[in-house]
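This report looks at one helix and at a group of aromatic rings. The structure is shown first.

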Amino acid sequence: MSIDAELTEQTRKRYDRMAPIYDGSEAVMERFLYVPWRRLLWSGVEGPDVLEVGVGTGKNMPYYPHGVHVTAIDLSERMLSRARKRATSLGLDVDLRQMDAQALDFPSDRFDAIVASFVFCSVPDPVAGLRELGRVCKPEGEIRLLEHMRARDEVVGRLMDIVNPIAVRIQGANINRRTIDNIESAGLRIERVEDLSVQSIFRLIVARPCLTHNTVSQQAVQELDT
Ligand SMILES: C[S@@+](CC[C@H](N)C(=O)[O-])C[C@H]1O[C@@H](n2cnc3c(N)ncnc32)[C@H](O)[C@@H]1O
């Protein structure tokens, strides 16, 4: 599947522009909602080799578990430069790289865990990005996502559809993505979904990569043996 280069470039430029005001614009939500959710997101992460996708300005860094090595990527160089400063001020050794989640420059089965917060609302092709997460995650690894998405309730969902173009213009993120459907379309196995807010708009999702051919054939052999 080909990536929409124009839309990806638009997204990169939008976050480059937003980088200086990003932390300030999120300050209230951060203080009252996101801090406990970020703790929850990172509390179950097991390394040693962890990938953070869409690291932004590095707001998850204070919650990185001790003893893991984090590689963190983002499309926007200006968001990344803020993340670099945050890593330095926290004394963290994070491998920060500019990269597109839709075409990750990592070998398959590379990471023990992959984490992202509020990212797949802005990745132009979320299914392509999520498929890439499944590819670079080890088969026994875990993918943990904190995302906002279209409300479960159809009336509220339709309202979100109407407001979405304005939201994208103002803050760069879609507010009506059907992220659970996207995760399934990407072939990931959802293990757990935790509703964090009213209307299930904010959710923590724990998923695993789909079974590799190898694992499938091993399972099939075991089933034949029993
Ligand atoms: C709403 S911000 C979230 C930042 C951070 N994860 C947080 O929790 O504050 C979305 C981030 O995803 C990044 N992003 C969007 N599309 C991307 C892509 N295709 N590949 C990598 N990063 C992307 C943006 O540049 C931005 O930094």
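Which residues of α4 are buried?

## Basis of the report

This is a predicted model, in which local features need pLDDT of at least 70 and side-chain atom pairs count only at pLDDT 80 or more, while totals for chains, interfaces and linings use all residues. Residues are numbered from 1 along each chain as its sequence is written, and side-chain values use heavy atoms, with hydrogens and water left out.

## Helix α4

The buried residues of α4 are P126, V127, A128, G129, L130, E132, L133, G134 and V136. Buried means under 20% relative accessible area, with a 1.4 Å probe and protein chains only. Helices are DSSP runs of H or I with at least four residues, and strands are runs of E with at least two, numbered from the N terminus.

## Aromatic rings

Rings of Phe, Tyr and Trp (its six-membered ring) pair if their centres lie within 6.5 Å; planes under 30 degrees apart count as stacked, over 60 as edge-to-face and the rest as tilted. By this rule there are 7 aromatic pairs. One of them is the tilted pair of Y34 and F118, with 4.6 Å centre to centre and 40 degrees between the planes. Y34 lies in helix α2 (residues 27–43) and F118 in the loop between β4 and α4, so this pair ties together parts that are 84 residues apart in sequence.

Y34 is buried, with a relative accessible area of 5%; for F118, also buried, the value is 11%. F118 and F202 form an edge-to-face pair, 6.1 Å centre to centre with 90 degrees between the planes. Y34, W37, F118 and F202 form one aromatic cluster.

Conventions: Buried < 20%, exposed > 50% of the residue type's maximum accessible area, 1.4 Å probe, protein only.
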